[in-house]
Amino acid sequence: MMKKKSISASKASLIFFLCQMISALDVPLDSKLLEELSQPPTITQQSPKDYIVDPRENIVIQCEAKGKPPPSFSWTRNGTHFDIDKDAQVTMKPNSGTLVVNIMNGVKAEAYEGVYQCTARNERGAAISNNIVIRPSRSPLWTKEKLEPNHVREGDSLVLNCRPPVGLPPPIIFWMDNAFQRLPQSERVSQGLNGDLYFSNVQPEDTREDYICYARFNHTQTIQQKQPISVKVFSMDSLNDTIAANLSDTDIYGAKPVTERPPVLLTPTGSTSNKVELRGNVLLLECIAAGLPTPVIRWIKEGGELPANRTFFENFKKTLKIIDVSEADSGNYKCIARNILGSTHHVISVTVKASPYWITAPRNLVLSPGEDGTLICRANGNPKPSISWLTNGVPIAIAPEDPSRKVDGDTIIFSAVQERSSAVYQCNASNEYGYLLANAFVNVLAEPPRILTPANKLYQVIADSPALIDCAYFGSPKPEIEWFKGVKGSILRGNEYVFHDNGTLEIPVAQKDSTGTYTCVARNKLGKTQNEVQLEVKDPTMIIKQPEYKVIQRSAQASFECVIKHDPTLLPTVIWLKDNNELPDDERFLVGKDNLTIMNVTDKDDGTYTCIVNTTLDSVSASAVLTVVAAPPTPAIIYARPNPPLDLELTGQLERSIELSWVPGEENNSPITNFVIEYEDGLHEPGVWHYQTEVPGSQTTVQLKLSPYVNYSFRVIAVNEIGRSQPSEPSEQYLTKSANPDENPSNVQGIGSEPDNLVITWESLKGFQSNGPGLQYKVSWRQKDVDDEWTSVVVANVSKYIVSGTPTFVPYEIKVQALNDLGYAPEPSEVIGHSGEDLPMVAPGNVQVHVINSTLAKVHWDPVPLKSVRGHLQGYKVYYWKVQSLSRRSKRHVEKKILTFRGNKTFGMLPGLEPYSSYKLNVRVVNGKGEGPASPDKMFKTPEGVPSSPSFLKITNPTLDSLTLEWGSPTHPNGVLTSYILKFQPINNTHELGPLVEIRIPANESSLILKNLNYSTRYKFYFNAQTSVGSGSQITEEAVTIMDEAMASRQVDIATQGWFIGLMCAVALLILILLIVCFIRRNKGGKYPVKEKEDAHADPEIQPMKEDDGTFGEYSDAEDHKPLKKGSRTPSDRTVKKEDSDDSLVDYGEGVNGQFNEDGSFIGQYSGKKEKEPAEGNESSEAPSPVNAMNSFV
């Protein structure tokens, strides 16, 4: 047994428990309990602190909060109250604080720049959002400037300045040419972090007039272009020719040749610089050097090592990148540029500062009146942040005083709180690099105990295993929990029980005597409540006869036993597995009740067989191995695979064909059916053999087709019914001549991987398909219906080429042609591809929901314009989720479900909805890139349905004429319960049902006492619940009223009397003698006297006449042993006339409805003649015993 904790620990656990309980996002509560508990506001959703908006779209500033009662919302703008009602362009969403600014009517987004803050308030306090800075994104045009051509001498360094316009957020810079091809970059030519293009040394091939800097503003999806920059590189030879043409013969001329130079840093300048970065950000340090040969950059950290796993080198090692930096990354970083002529270096002093970050954020505090508590707000940063407190959005220094509150730096101490102490506190931690703001409420509640575990809940466990019995509770102050067993049991104590803080009672080792009723009592100073639950301990399931290891010969029979013992109240299921998989679908496997039999065993039946027994509470298994062995061998002809062919010879060598011949090997008693010819390409894939062809077994020569530029070797394999021979020895090699490629690459595709590119892929030709050395591919493309000319590039033997700078998702015509050193392949066919997709821009509109029934709804939407899809339309996704169940026992559900509708469908069905519930849904369009924005949430409700069956039906307290029924409400009401329907009827010993009685019971009842029942009678009960829609599924039970004690005693007394036993023996002896006499007379033949008597008093109505054979139905020997034919003396209505028989079965007991034993003997009591009684009579449901029959004569 766990010891009780101290008072302070108890309070701490109460705070933690209640904080979880009132947070609907963490622990869903019973809806009724949620409605009764007050809660200060909590901000659940808000826009980011630095909120950059698209100036072309409406501005949406989010602010969502929860609380009880629901909070109201207000806003400030630039520190003053923002009166939304006075601005026609601004609206607030219903039941929300989210603002929507309509800028579609010509209003500029810049007019709404500023700092916004949201306040959510109810009677328990006020929570505030962060300061949300609204700024519209900007993508300004490049300023016009006159760019002079750059004339550079070969080997000199060069910097092409980009100087992009200042945008918000900053643009992404890249350099391209007029053909929208990215300019190639290398260790010699690269782009700096500032966007400039650096040349460590220029070469003649750098001459061009279309160096263009592009700035891409992602927020507005725009790209701005700078005017092209011209670069002309003068080589030394051309420069000398120019000088010579302009000087006389007597002049001394000649430019200096290209000279190598040691490294000089182009950026950063000087020998040292400083860099400040914030904790958690990415640190980027850059060094770009000029020199010839091109310098190589190396990075070190003075006095330390570069951090492992967080350090990356980019831009040909010119950029050092360290992710997720911390204060420990501060220090001096040195970049060293080196070539064969020397080196230079630069030291960057890095200081890592930190905006505030949480050490301990304040957490919601729930207290009861008179309790103590603390709010702690601890943050760190560089420099150290300052901590300030607010209450309900007002600085605590000027807020209304609260005698229970004391501020001590980063801690607020509460002592002896009262309900008026409830409030929302804000902690602000700030330094020069930023701030943190956290809301935490203090909620003072006084609530009597409540037990949330359902009453009379049934727990079932297996003996000798742990039993956990729940008692989920709620109360403020935290209730004390006690457990009792039995109706009048004492409090549970001792080491055999474990009492958990959440109220759960644990019995570590449950025994059969642990079965019973357990009562959980919760009490605090405001009240007391209790709840009863039931525990049943079942016997464990055991395999008392396990399968055993077996060795079986082929074609014999194998059998495994699996005899089990289990609790009689549990229903076991037995499953057989082979090698941990299902048994083969084979009729040879016969599964019996206690065994598995395998008929006609084969080698594939070899393995491990497992018997698994499952019940609802436990599972056991046992395994055995089956080994299949061969029957004793009988002498037989030995058949084997053929020997390999011999003496391979190549003749008739041509450029594209050759003849191969061979000598077959030994057949080994099985004729050769065919030969398989394989080849090896020693030039492209040495050691790898490929299938060439095959010929019939009667053929020993074959003409083989060859490909150009392949070094062939051949081998032959013989095949018979037993298998394949070993390969023959390889033939001599034969190298074919080179030729143009015969074919082009296959599976050519064009699919963009980014919105601004086109990735062209193809399946490369195999080695022997190249037909010659120098295999390459000519890749050509043009925008469909836009470009007239093809753009082409020749690439090496690869299978992919990326075209950059393409418009988003436009069609392209593509072709890929193979070529080698001897020429081109035939003209390739064209395929259509598309440049890269981007996310859809528009959400489906006009979303409508039509509720078909309680579990099915149909959703409609308008298709989005195809241009806004910006990709291949794959379909639409419908996100829907249950918001709330409308029945009183409902719980909140937040799980979202997704249905995908392929193609351009505009409607879909939503199956599997829960009746009487509130749902929300939205629709999104999907392309190959992903999902577009969601449509506004659409709410709909499902109507009521029929309820599930009652959770249980118990029948207790049987008496002579009454039974007590108890039941639990349905787990899924699916609506408002209107009533319960109880039907019952008696059952006799032959399982015949009596009259059905129906009772309607109010929905708020949970028990009923049925009176005026028959004693010692079995009744069957049918019980179900109803809503306004109809009746739900029913639950059935059976019960028996008890027998009258006096009558039972009397019966026992008579049955044990000696005279009664003697009388029964005499009657049995007399019957035996009569049977013997009848048997003797029957064997003697002749007619019975009774037959003579009937002949003298013949009655034509009862004498069956047989005119065909002249007989008149005498009681002859031949007929004595035959039963009376059915219907021979009975009218067609199957009744017996009174004048025909005074001794018919109708006059006994129930008449034709009289009772019979299982062997057909009549057991009805003799009661004289009477009319047939209706089936609704209250006769006993049990068959009368011989004692009862005797009593009828007394």
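These legends accompany close-up views of a predicted model.

View 1. Seven named side chains need labels here: Leu1069, Leu1072, Ile1073, Ile1076, Val1077, Phe1079 and Ile1080. Together they make a nonpolar surface patch of about 660 Å². Leu1072 belongs to helix H6, which runs over residues 1058-1084. Its relative accessibility is 46%, so Leu1072 counts as partly exposed.

**View 2. Lys512 and Asp539 in a salt bridge.** The structure holds 38 salt bridges. In one of them, Lys512 pairs with Asp539. The closest N and O atoms are 3.6 Å apart. This pair links distant parts of the chain, 27 residues apart. Lys512 sits in the loop between strand E44 (505-507) and strand E45 (516-524). Asp539 sits in the loop between strand E46 (527-538) and strand E47 (542-545). Lys512 is partly exposed, because its relative accessibility is 42%. Asp539 is also partly exposed, at 31%.

**View 3. Lys512 and Asp567 in a salt bridge.** The side chain of Lys512 also meets that of Asp567, with an N to O distance of 3.9 Å. Lys512 lies in the loop between E44 and E45, and Asp567 in the loop between strand E50 (563-565) and strand E51 (573-578), so the pair ties together parts that are 55 residues apart in sequence. Is Asp567 buried or exposed? Asp567 counts as buried, because its relative accessibility is 3%. Buried means under 20% relative accessible area.

**View 4. Lys882 and Glu914 in a salt bridge.** The side chains of Lys882 and Glu914 meet at 2.6 Å, N to O. Here too, the pair links distant parts of the chain, 32 residues apart. Lys882 lies in strand E74, residues 875-885. Glu914 lies in the loop between strand E76 (907-910) and strand E77 (917-926). Lys882 has a relative accessible area of 6%, so this residue is buried. Glu914, at 33% relative accessibility, counts as partly exposed.

Key: Residues numbered from 1 in each chain as written. Predicted model: local features only at pLDDT ≥ 70, side-chain atom pairs only at ≥ 80, totals over all residues. Heavy atoms only, no water. Patch = residues over 30% accessible without salt bridge, like charges linked within 9 Å, V, L, I, M, F, W, Y side chains within 5 Å. Areas by Shrake-Rupley, 256 points an atom, 1.4 Å probe, with all protein chains shown as cover. Salt bridge = Lys/Arg side-chain N within 4 Å of Asp/Glu carboxyl O. Helix = DSSP H or I, 4+ residues; strand = E, 2+ residues; numbered from the N terminus. Buried < 20%, exposed > 50% of the residue type's maximum accessible area, 1.4 Å probe, protein only.
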